[in-house]
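Here's a quick briefing to read alongside the picture.

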Amino acid sequence: MMMNTIKPLKSASSLLMLLLVLAGCSVAPTYEKAEVATPAAYKEVLATSTNWKEAQPSEEVARGDWWKIFADDSLNEMEVQAMAANQNLKAAAARLKQSRALRQDARAGLFPQVNAGLGASRGRAAPASQGLPDNTRMPTSTTYNAQLGASYELDLFGRVASSIDAATTDTQKNEALFQSVQLALQADVAQAYFLLRELDAEQALYAATVELRSKTLKLVQTRFNEGDISELDLARAKAELATAQSESLGLARSRAVAEHALAVLLGKTPAEFNFQPKPLSRIAVNIPAGLPSNLLERRPDIAAAERSMAAANARIGVARSAFFPRLDITGSAGYGSASLGDLLNWSSRTFLLGPLLSMPLFDGGRRQASVDRAGAAYEEDVATYRQTVLNAFREVEDNLADLRILRDQTQAQDNAVQAAERAAKLSHVQYREGSVSYLNVIDADRTVLQQQRIAAQLDGARARSAVGLIRALGGGWDGRDKPKLADAADKNTQVATAE
């Protein structure tokens, strides 16, 4: 008798042990980050000099207020406003909250689900269901129920665990995407700000040109009145003044559009934002490019692509688990009575308890299709990750090349401006002496304005490229390799930290 009792106990214990072992199993493939080809150094850094001191920023270094390297209080204030009011950033933050909520929803699968119910039903059974003739008159009855139920899925083959892994990595992806949106916003504000100041610098040039040409017109008018020159020179002087005024108005139109775009980045309507003219002066910063391998960990968009790849890998496990049995343990207890007054009597109690082991036997290939789809999604994310890395390397190289070439171009342009100004000065002297025609003066003045505009545009391009490089590198640095302001008069500003 005793032996007969022990055998079922042993069988139950063995079954319990087997289920516990299976609960620790997972059919998800082991995740391995996709390999990408990483160069030993950036092409532009090697091309510029062989004597670079490589900065080594790392992922744990806070992105920080990198824009403060430009030492511009107006820019600092605008960055703070954008972080607080930009709607795209708020939308990214809301997406991150949604992702965290989905992760919590997935984690709920680790715990039993408990619910309570209280209700009443009234009905009449069909005579056939009771084994009676169809013409039998059946009574109508009312049943009152009060129940407490619970259910729990024993995670035999890691379906729940894989779902949690997928939701967790999705959350990490959205955290990285939020950082990416934030970095993009900071860079957009800085670039829009420098564009606005570049246009202010060009407008200042045109204001000076209009003033100069107005004085020249007065001089030409006086000489015409005295009979020293023909009306042709007077007409040409008036045309040059009107041309400068027209081009200045065209710049004003471009500036208005740029100001409106900056206002939206700051979370304001154009009517709420007014930026006082502030011509751009020359800005140059030394930016440590670091090692290409660090870029994979610093760029938030790369981190987001990698986490998306990990989530897709976990979803393969969720799809595969559908091929294996699923064990749900359910139970309920409560009361049921035909009379509401007798509902809570001890004799009215009911209960139900039992496990349910289920597994589809035939589904026409639906489960295999889910696995195939999950595998293909993973392959897509691998390709997207590698393409994101390639684009990141390209963006860094582009901005390094921009800064290197712009440095040399600015130096050449400074020489062009000086030569044009000298030529214009000589032409004015020669015209007053009567040795050259007014066409020479016009041509010389046009050349000065053109060369000065190009110089102002190059200063703006250098500032925006510096911002672009910081963005391409993933943000700011710590004190060891923080970018430093270069002397604006230094013609040999580099794009990486020199020994």
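Two residues are in contact, or touch, when they have heavy atoms within 4.5 Å of each other. Keep in mind that this is a predicted model, where local features need pLDDT of at least 70, side-chain atom pairs count only at pLDDT 80 or more, and totals for chains, interfaces and linings use all residues. Residues are numbered from 1 along each chain as its sequence is written, and side-chain values use heavy atoms, with hydrogens and water left out.

**The whole chain**

- You'll find 10 helices and 6 strands in the chain; these are DSSP runs numbered from the N terminus, with helices being H or I of at least four residues and strands being E of at least two.
- Of the 499 residues, 40% are buried, and here buried means under 20% relative accessible area, exposed means over 50%, and partly exposed is in between (1.4 Å probe, protein chains only).
- Take the contacts between residues at least 6 apart in sequence: 84% of them join residues at least 24 apart.
- The chain exposes about 27600 Å², and carbon and sulfur atoms supply 55% of that; the areas come from the Shrake-Rupley method with a 1.4 Å probe, and for residues only the protein chains shown count as cover.

- Helix α9 covers residues 366-433, and at 1.5 Å a residue its 68 residues should span 100 Å; the end C-alpha atoms are 94 Å apart, which agrees. The expected span is 1.5 Å times one less than the number of residues.
- Two packed helices are described by the angle between their axes and the distance between the axes.
- Helix α10 (residues 438-473) packs with α9 at an angle of about 160°, and their axes are 8 Å apart. That makes α9 roughly antiparallel to α10.
- The axes are lines fitted to C-alpha atoms, for helices over the stretch in contact, and angles run from 0 to 180 degrees between N-to-C directions. Angles under 35 degrees count as roughly parallel, over 145 as roughly antiparallel, 65 to 115 as roughly perpendicular, and the rest as oblique.
- α9 and α10 make a left-handed crossing, meaning the near helix is turned anticlockwise from the far one by less than a right angle (clockwise would be right-handed).
- S427 sits in α9 and is buried, with a relative accessible area of 6%. Setting aside neighbours within four places in sequence, S427 is in contact with V436, N440, V441 and A444.

**Helices α5 and α8**

- α5 (residues 159-225) packs with α8 (residues 300-320) at about 165°, with axes 8 Å apart, so the two are roughly antiparallel.
- α5 passes α8 in a left-handed crossing.
- S321 lies in the loop between α8 and β4 (326-337) and counts as buried at 7% relative accessibility. Not counting residues up to four places away in sequence, S321 touches V27, F157 and R159.

- Q147 is in strand β2 (residues 141-154) and is partly exposed, at 39% relative accessible area.
- Which residues does Q147 touch, not counting those up to four places away in sequence? They are N115, A116, G117, A333, G334 and T350.
- Q147 and G117 are 30 residues apart along the chain, yet their C-alpha atoms are separated by 5.2 Å.
- Most residues other than glycine have a negative phi. A71 has a positive phi, near 50°; this residue is in the loop between α2 (43-48) and α3 (73-85) and is exposed, with a relative accessible area of 57%.
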